[in-house]
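Okay, thanks for making time, everyone.

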Amino acid sequence: MYSTATEFKFSDAKDHGALVRNSTFKSIGLPEALNRAERSTQREQNLQSGHEVYSSNFNKVYYRSRRRYGSGVVSLVDFDRGWKERLKNRFEELRNLEDGWDGYKGVAITGEIEAFTISLLSEIYDPRVAPPSLVPGGDGSLQIEWHVNDCDLEIDVLSPEDVFAYMINHGSGAEEEINIGENRRELSVWIRRLVA
Amino acid sequence: MDKTARRLVLLMEPKANITSQSQETDIDVVSNEERLIRRINSKHHVIFDQNLGARRLSTKAFHASTDDKKMSVDLEQCIKNQGNDPAKYVTQPENIDGAVVFLAAIVRQKELEVECAPVPDNPFHGNVFKHPNLGRLNKKQENHLLANCEWLVAIPGVRLR
């Protein structure tokens with residue numbers, strides 16, 4: 001159901017923006033039950049939301065985004081079953097948000113936001129932590145959230161180069177907000193704080 | 001002309017005329033006592049907080065609605081002035097099942113501003129934005145709005161915070 005490799009990892013590059021730009025495809029696993037008609041509908045929806053279907057092969061579909069960051073190959077292979085299911089199902093919902101979903105002028109999340117988020121999660125993934133909540137913004141951005149172990153951790157992905165993380169420890173009252181582009185290692189430290 | 005009358009005049013004018021008004025005029029029109037409504041989609045704005053053991057609103061519910069980095073709201077008094085029920089009006093879209101309110105004064109406590117910004121399908125539309133320089137609402141500002149809002153249309157089983 002999922003591709004067999006994560007073909008770009010931000011930890012492999014100093015300039016993750018360049019890496020995304022240079023990558024070629026983005027693949028998103030689809031349920032086996034998805035029939036041809038559903039695939040067609042999915043294709044239309046993705047075209048409208050900025051994805052372009054490049055090709056499909058069995059249960060794997062490749063997309064190419066028309067936006068600035070082009071496209072990439074991402075997969076959920078690095079995650080355990082619980083994470084995979086949660087992320088796969090949630091991204092399908094987020095990808096297919098209708099215009100005005102927030103009661104105003106909200107749009108679906110963009111292709112580059114989705115690709116970046118999956119890659120970021122694969123980099124900071126810790127199987128001891130439950131999968132996060134994914135909350136969309138009306139502007140196509142996405143927030144990754146954990147509220148566990150007396151901590152709130154929120155990673156706001158506004159664009160691949162504009163990502164902020166906020167953490168508050170309710171026990172100590174300590175509160176921090178950082179720009180992820182410069183503090184990626186710090187984020188992994190924060191994730192470990194979520195482990196009970 | 002009193003403030004309410006000026007606001008109604010603005011609402012009846014094309015948007016181009018409103019945007020040509022000075023920032024000072026916008027600030028003047030929306031009084032501190034004005035209640036601002038933010039619509040909530042429970043499927044996407046609600047998260048499960050394991051610390052609380054309950055479902056609650058995400059701070060992302062107070063994020064910019066569009067690329068212009070402004071957060072859309074509805075102006076409660078304007079809706080009432082036109083004889084509408086605010087709770088019914090803001091939940092007309094089928095995917096909206098909740099709404100929260102907060103005072104304009106709360107917005108202004110954190111270097112944010114509010115403006116009337118009628119749009120074709122919503123004459124009671126307004127914006128909350130960073131003042132004086134446009135930019136995203138930061139996490140402290142989003143937290144501030146979440147901490148100071150209350151339900152207009154409550155979602156069963158969901159806490160505000």
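Let's start with one pair: A:Phe164 has A:Asn179 as its bridge partner in β8(A). That sits within a set of five bridges joining β7(A) to strand β8 (residues 175-179) of chain A, and the two run antiparallel. When I say two strands pair, I mean DSSP finds at least two bridges between them. Strands here are DSSP runs of E, at least two residues, and helices are runs of H or I, at least four, numbered from the N terminus. The hairpin of β7(A) and β8(A) has five residues between the strands, and A:Gly173 takes a positive phi there, near 85°.

Before I go on, some housekeeping. This is a predicted model, so local features need pLDDT of at least 70 and side-chain atom pairs count only at pLDDT 80 or more, while totals for chains, interfaces and linings use all residues. Residues are numbered from 1 along each chain as its sequence is written, and chains are lettered from A and ligands numbered from 1 in the order in which they are written.

Back to the strands. What does β7(A) pair with on the β6(A) side? Eight bridges join β6(A) to strand β7 (residues 162-169) of chain A, antiparallel again, and one of the pairs is A:Val157 with A:Val163. That hairpin has two residues between its strands.

Then there's β4(A) with β5(A), antiparallel over four bridges, including A:Leu134 with A:Ile144. Their hairpin has five residues between the strands, and in the turn A:Gly140 has a positive phi of about 90°.

Zooming out, chain A comes to five helices and eight strands. From the N terminus, the order is α-β-α-β-β-α-α-β-β-β-β-β-α. Of the 196 residues, 40% are buried, meaning 20 or more other C-beta atoms lie within 10 Å of the residue's own, with C-beta atoms placed from the backbone.

How confident is the predictor? pLDDT is its confidence in each residue, from 0 to 100. Chain A averages 72, and 61% of the residues score at least 70. By contact I mean C-beta atoms, placed from the backbone, within 7 Å. Residues 50-72 of chain A also stay under 50, with 70 contacts beyond four places in sequence.

Now, the chain contacts. 24 residues of chain A touch 24 residues of chain B. On the chain A side, β4, β5 (142-148) and β6 (151-159) each give two or more residues, and β5(A) gives the most, with four. That side divides into seven nonpolar, ten polar and seven charged residues.

Last stop, chain B. It has an open sheet of six strands in the order β6-β7-β4-β1-β5-β8, with antiparallel pairing. Why is one side of β6 (112-116) and of β8 (150-153) in chain B left without a neighbour in the sheet? Because both stand at the edges, each with a single partner strand.

Key: pLDDT = per-residue confidence, 0-100. Contact = placed C-beta atoms within 7 Å. Nonpolar A, V, L, I, M, F, W, Y, C, P; charged D, E, K, R; others polar. Buried ≥ 20, exposed ≤ 12 C-beta atoms within 10 Å, placed from the backbone.
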